[in-house]
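Reader: I am new to this structure and would like to know what lies behind the terms used for it. Please set each term against its rule.

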Amino acid sequence: GWPEKEKRAYPNLNGVALLALRKPATLWTSNGNWIKEDPDGFFQRHLLMGVYPSAPLPQNDHMIQPDPRIDAEYMIYGPLMDAMRGKKWVLEPHCIEVKSDEAKANLFAVPGGYVAPVTFGPKDGTVKVVLRNLSGLGEAWHYEALLPGVQEPRAVPTTLRNGALEVVVPLKRGCAMLRVGNVSRAGR
């Protein structure tokens, strides 16, 4: 669960996410204060729940306005958001786990494979993620991590044990988007 302060700050995020298990969802973003105060928390909550925040638009009358500082954060997290395009929640039991509860993660099916936002982890470092109960996991697939503010995806080491795939995921700003598929979609 979320800490009490965050439950009050993002009351609609979980509801919107659960209404969109099989379709895209965008949540209205009222102003830039949440982003300015905690940009990593703002974007990582949205990634974890598979919900896009509304983008700054000039001259709108009730949404977030353009601001160079806020726009820069959207650009940093944009490639991770883009990786969720076409997402559908994976609802298989125990399909994803972060060892030692060092971060939070979720799993979505996307065209060509899966993506797993890994969020709220150590600012820099790695966490071990375990994927299971998914058809097609194996050595022939491509495994990479997209990191906020890093141009190129990073290949990640994997180990297949008893039908479960262990992946060592690097983090930047406490976050990564693990991309798993039968082909790389880098440069998409």
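Reader: Why does Ala140 count as exposed?

Author: This is a predicted model, in which local features need pLDDT of at least 70 and side-chain atom pairs count only at pLDDT 80 or more, while totals for chains, interfaces and linings use all residues. Residues are numbered from 1 along each chain as its sequence is written, and side-chain values use heavy atoms, with hydrogens and water left out. Exposed means over 50% relative accessible area, buried under 20%, and partly exposed in between, with a 1.4 Å probe and protein chains only. Ala140 has 72% relative accessibility, so the residue counts as exposed.

Reader: Where does Ala140 lie?

Author: Ala140 lies in the loop between strand S8 (124–131) and strand S9 (142–146). Helices (H or I, at least four residues) and strands (E, at least two) are DSSP runs, numbered from the N terminus.

Reader: What makes the pair of Phe43 and Tyr77 stacked?

Author: The ring centres of Phe43 and Tyr77 are 5.0 Å apart and the planes stand at 10 degrees, so the pair is stacked. Phe43 belongs to helix H4 (residues 39–49) and Tyr77 to helix H5 (residues 68–82), so that distant parts of the chain, 34 residues apart, are linked. Phe43 and Tyr77 are both buried.

Reader: Which angle lies between the planes of Tyr114 and Trp141?

Author: The angle is 25 degrees, with 6.0 Å from centre to centre, and the pair of Tyr114 and Trp141 is stacked. Tyr114 is in strand S7 (residues 113–119), and Trp141 is in the loop between S8 and S9. Both residues, Tyr114 and Trp141, are buried.

Reader: Why is one side of strand S4 and of strand S11 left without a neighbour in the sheet?

Author: Two strands pair if DSSP finds at least two bridges between them. The open sheet of four strands has the order S4-S8-S12-S11, with antiparallel pairing. Strand S4 (96–98) and strand S11 (158–161) stand at the edges with a single partner strand each, so one side of each has no neighbour in the sheet.

Reader: How many bridges join S11 to strand S12?

Author: Four bridges join S11 to strand S12 (residues 164–172), and the two run antiparallel.

Terms used: Phe/Tyr/Trp six-rings, centres within 6.5 Å; stacked < 30°, edge-to-face > 60°.
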